[in-house]
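User: Hey, can you walk me through this one? I'd like to start with the contacts.

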Amino acid sequence: MPIEGRSPRECAERFRRHVAELLANTIAPSVPLLLYEGAREATFGVSFRQGKKLATLPLDTVYGKLFLHLAQLVEAEKIDKKYRLKTLAYWYRLQPSAGLRETDALLRWEYDRCHDPRQPGPPRHHLQAAATVKWDAQVLDLNRLHTPSGWITIEELLRFLIIEFGVAPASADWPRIVADSEDVFFREFSGKRRRSGA
């Protein structure tokens, strides 16, 4: 069941609190995840911010210092006398510097609900990477391709950062924290269903 509340802000704030607690207990104990109003009515953004500007989270990895940008755009739609939250878009970026405009991401996962899959265009869920694949005289630029990825939860992103990039978790109990958060996401925040044992 997706998040419901008495107002659009209540729905969005409930989601922000859940994600902020997850991040604080895993990889971001001191960086705030803030809620801000979107351009359209009943839309909100959730992201790392410094004042009014989007920000990144510095991460010490086995590959050196990297920076994570995490943002979701959500909308609360009125259903009967309540509001129900849905994700319109997300952007997860792992990049070599803190600035969002000055650098290409090494890896980025994106979702755009507004893209109609019946129309020409890239997959709504996709991964892009600052890499090329060469064979014979051909070159694939993975930063220009929108490789289909499926839905990426924040919990899966955290597992990836901790296990594959060696980001030090804030708690030795991080696997349980992430799994519990994922259970809450599928049980309380999403219309999607988690497969048993997944």
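User: How many of the contacts between residues at least 6 apart in sequence join residues at least 24 apart?
Analyst: In the protein it's 48% of them, where contact means heavy atoms within 4.5 Å. Keep in mind that this is a predicted model: local features need pLDDT of at least 70, side-chain atom pairs count only at pLDDT 80 or more, and totals for chains, interfaces and linings use all residues. Residues are numbered from 1 along each chain as its sequence is written, and side-chain values use heavy atoms, with hydrogens and water left out.

User: What's the secondary structure of the protein?
Analyst: 3 helices and 12 strands. Helices (H or I, at least four residues) and strands (E, at least two) are DSSP runs, numbered from the N terminus.

User: And what's the radius of gyration?
Analyst: The protein has 17 Å, which agrees with the value near 16 Å that a compact globule of 198 residues would have. The radius is taken over C-alpha atoms, and the globule rule is 2.2 Å times the number of residues to the power 0.38. The C-alpha trace spans about 60 × 45 × 40 Å along its principal axes.

User: How much of the protein counts as buried?
Analyst: 43% of the 198 residues. Buried means under 20% relative accessible area, exposed over 50%, and partly exposed in between (1.4 Å probe, protein chains only).

User: Which residues have the most contacts inside the largest nonpolar core?
Analyst: Ile-27 and Phe-48, in a core of 47 residues. A nonpolar core here is a set of buried Ala, Val, Leu, Ile, Met, Phe, Trp, Tyr and Cys residues joined through side-chain atoms within 4.5 Å.

User: What does Phe-48 touch?
Analyst: Leaving out residues up to four places away in sequence, its partners include Leu-23, Val-31, Leu-57, Leu-68 and Leu-70, and also Lys-53.

User: OK, switching to charges. How many salt bridges are there?
Analyst: The count comes to 14, a salt bridge being a side-chain nitrogen of Lys or Arg within 4 Å of a carboxyl oxygen of Asp or Glu. One of them joins Arg-40 and Glu-75, at 2.9 Å from N to O. Arg-40 lies in the loop between strand 2 (33–37) and strand 3 (43–50) and Glu-75 in strand 6 (residues 64–79), so this pair ties together parts that are 35 residues apart in sequence.

User: Is Glu-75 buried or exposed?
Analyst: Buried, at 14% relative accessibility, while Arg-40 is partly exposed at 45%. Glu-75 also meets Lys-86 in a salt bridge, 3.7 Å from N to O. That pair links strand 6, which holds Glu-75, to strand 7, which holds Lys-86, 11 residues apart. Arg-40, Glu-75, Glu-77 and Lys-86 are linked in a network of salt bridges.

User: What about Asp-180, which residue does it bridge to?
Analyst: Arg-176, with the closest N and O atoms 2.6 Å apart. Both sit in helix 3 (residues 174–189), 4 residues apart, about one turn of the helix. Asp-180 is partly exposed at 33%, and Arg-176 is partly exposed at 44%.

User: Back to strands. How do strand 10 and strand 11 pair?
Analyst: They run antiparallel over 4 bridges, strand 10 covering residues 132–135 and strand 11 covering 138–141. Strands count as paired if DSSP finds at least two bridges between them. Val-133 stands opposite Leu-140 in strand 11. The two strands form a hairpin with 2 residues between them, and Asp-136 in the turn has a positive phi of about 45 degrees.
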